[in-house]
Amino acid sequence: MGLGFVVDSVIMFGTQILFFGFGWLFFMRELFKYSEVQNMIVQLLFSITFTLSCTMFELIIFEILGWLDSTSRYFHWQFNLYFILFMMVVLLPLYSAIQVVNTIKLVQRRPIAKLFAGVIWLVFIVIFWKLGDPFPILSAKHGIFSIEQLISRVGVIGVTVMAVLSGFGAVNAPYTYMTYFLRNVESSDIIGLERRLQQTLDMILSKKRRMVQAEKSARFQGGPSSLQQSSMKKMWSMFSGMGSEGSENIGSLSKEVSGLEEVSKQLFLDYVDMLSLKERIMYSKTLVGRYFDIVGHFFSIYCIYKIFISSVNIIFDRVGKVDPVTRGLSITVNWLGIQVDVEFWSQHVSFILIGIIVITSIRGLLVTFTKFFYAIASSKSSNIIVLCLAEIMGMYFVSSVLLMRMNMPEEYRSIITTVLGDLEFSFYHRWFDVIFLVSALSSIGILYLAHHLSSDKRTHL
C-alpha cells in the first residue's frame, strides 16, 4: 500500500462525501421536508446508510471499468461491507430501540430505559438470527461468527423486499402508463356530479338553517319553564320521531344532516377523482403522454416475460450461468452471422446496463420511501419510521449487489464472490423468482378488483 492506495482512497472518500451530501439534501428537501424529523442523529444515520449503499454500486462500476488498483478496490469493498453490516445489525436497530423506549411514558427518562432498549435490541438479534434457519443459505463449514452468517440473513430480507417491489412495479407501471386502462370521462359526467354535490351542500345548509331556527324559537318562546318544556319536547321527539305540528324535530334533522355530510364527502372524493382522471386523459393525448403509453406497452411485455421466465425457473429449478448481456450478444451475433468481439462489447453493454439498474434502483426506492413515509408518519413515530426505512434501504442495496452479480460477465463476478463470501447465490435467485411471481400475480388481482370496483361505482353515479 503506497501512494497509489492513498490516491485511490482520496477518490473514494471524496465520492462518499458527495453521496453523503446528496443523501442529506434529499432527506431535508424532498423526503422529509414536511415531517417532524428534527433528530440530528437520525438524519446522520440515514445519510450514512445511503452513502455506503451508493458506494457499493460505485465499486461495481469501477470493477467493470478497471478504475483504481485491485488492492484498493478490495480494501474499500471490505471496509464498506463491514461498516454497512454494523449499521444494519447494531447501530440502526439499537437506536431504533432507544427511540421506541422514548415514546413509552412508563420507562422514558428512567434508569431502566437503556436496559429496556438493550432488551428490545437483543430480541431483534434473536429474530434476525432465527430468520435464516429455515433457508439453505450457507454451507455447514461456516462458523457462527463468520461474515457470511450476517450477509446471508440480510440477503433473505433484502431480496424479499426487492422481489415484492419489483413484482408490484412490473404490474403497476403498465397499468399507470397505458391509456388502455383509462376510463372514459365526459364533461357531462363531471358537470352532473358537480350539480349533485352542489344540491347536497344546499340541502345540508337548508337543514342546518331550520335547526338553528327551531332552537331559537324554542329558546325565546317564553321563560325558563317554556325552555324546559321545549327541551323535554326535543327529547321526546328524538325518541318518538314525532313533534307537534308547528315544531321541527331537531333530533331527526341532526341525523339527516350527518347522513348528507357523509354523502357530500363521498361525492367530493368522486368529483376530485373524476377531475384527476380527466386530466390524465388530456395528458395522454400530448406527445409526452403518448411516449409514456409506448413505455407502458414495453413494461407490459416485460411483465409477461418476467412472469413466464420466473415460472420456468421455479418449475425447472433453473438458474442462469451466463450473464444476460453476453448470452444476448452471442445469440444476436450467431443469428446475424457477423464477426463481433462479444467479450469486448459485453463489458461496455454491462456497464451501461448496470448503470441503468443502479440509477433506477436508487430513484425507485427513494420515491417509494417518500410515498410510504407521508402515508404513515406522525409526530411521534417519524424518527422510528426513518430508522426502519434506513434499515430496509441498507438491506435492499446489499441484496441488489448480491443479485447484480449474475448480470456481470464472469471475470467481474470474482470480486463480489470473494467479498460476500461463500454463499448459496443460486438460492437467492430462486427465492427472488418465487416472491416476484407471488407479488406480481397478487398485484394483478388487486388492481383488477380495484379497477372494476371503481368502474361499477362510476356507473351508479
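Modeller: Buried means under 20% relative accessible area, exposed means over 50%, and partly exposed is what lies in between (1.4 Å probe, protein chains only). Keep in mind that this is a predicted model, where local features need pLDDT of at least 70, side-chain atom pairs count only at pLDDT 80 or more, and totals for chains, interfaces and linings use all residues. Residues are numbered from 1 along each chain as its sequence is written, and side-chain values use heavy atoms, with hydrogens and water left out.

Biologist: Okay, so why is Lys265 called exposed?

Modeller: Its relative accessibility is 52%, and the label needs over 50%, so Lys265 counts as exposed.

Biologist: And what makes Glu262 partly exposed?

Modeller: Glu262 comes in at 49%, which falls in the in-between class, so partly exposed it is. The side chains of Glu262 and Lys265 also meet in a salt bridge, 3.9 Å from N to O.

Biologist: Why does 3.9 Å pass as a salt bridge for Glu262 and Lys265?

Modeller: The rule asks for a side-chain nitrogen of Lys or Arg within 4 Å of a carboxyl oxygen of Asp or Glu, so 3.9 Å qualifies for this pair. Both residues lie in helix H8, 3 residues apart, about one turn of the helix. Helices here are DSSP runs (H or I, at least four residues), numbered from the N terminus.

Biologist: How do you know that Glu256 and Lys207 form a salt bridge?

Modeller: Their closest N and O atoms are 2.6 Å apart, so they meet the cut-off. That pair links distant parts of the chain, with Glu256 in helix H8 (residues 250-284) and Lys207 in helix H6 (residues 187-219), 49 residues apart.

Biologist: Why is Lys207 called buried?

Modeller: At 15% relative accessibility, Lys207 is under the limit for buried.

Biologist: What joins Glu261 and Lys208?

Modeller: Another salt bridge, 3.1 Å from N to O. Again distant parts of the chain are linked: Glu261 is in helix H8, Lys208 in helix H6, 53 residues apart. Glu261 at 29% and Lys208 at 38% are both partly exposed. The structure holds 4 salt bridges.

Biologist: Over in helix H14 (residues 425-459) there's Asp433. How do you know that Asp433 is buried?

Modeller: Its relative accessible area is 7%, so Asp433 sits under the cut-off for buried. Leaving aside neighbours within four places in sequence, Asp433 is in contact (heavy atoms within 4.5 Å) with Lys306, Ser310, Asn313 and Ile314.

Terms used: Helices (H or I, at least four residues) and strands (E, at least two) are DSSP runs, numbered from the N terminus.
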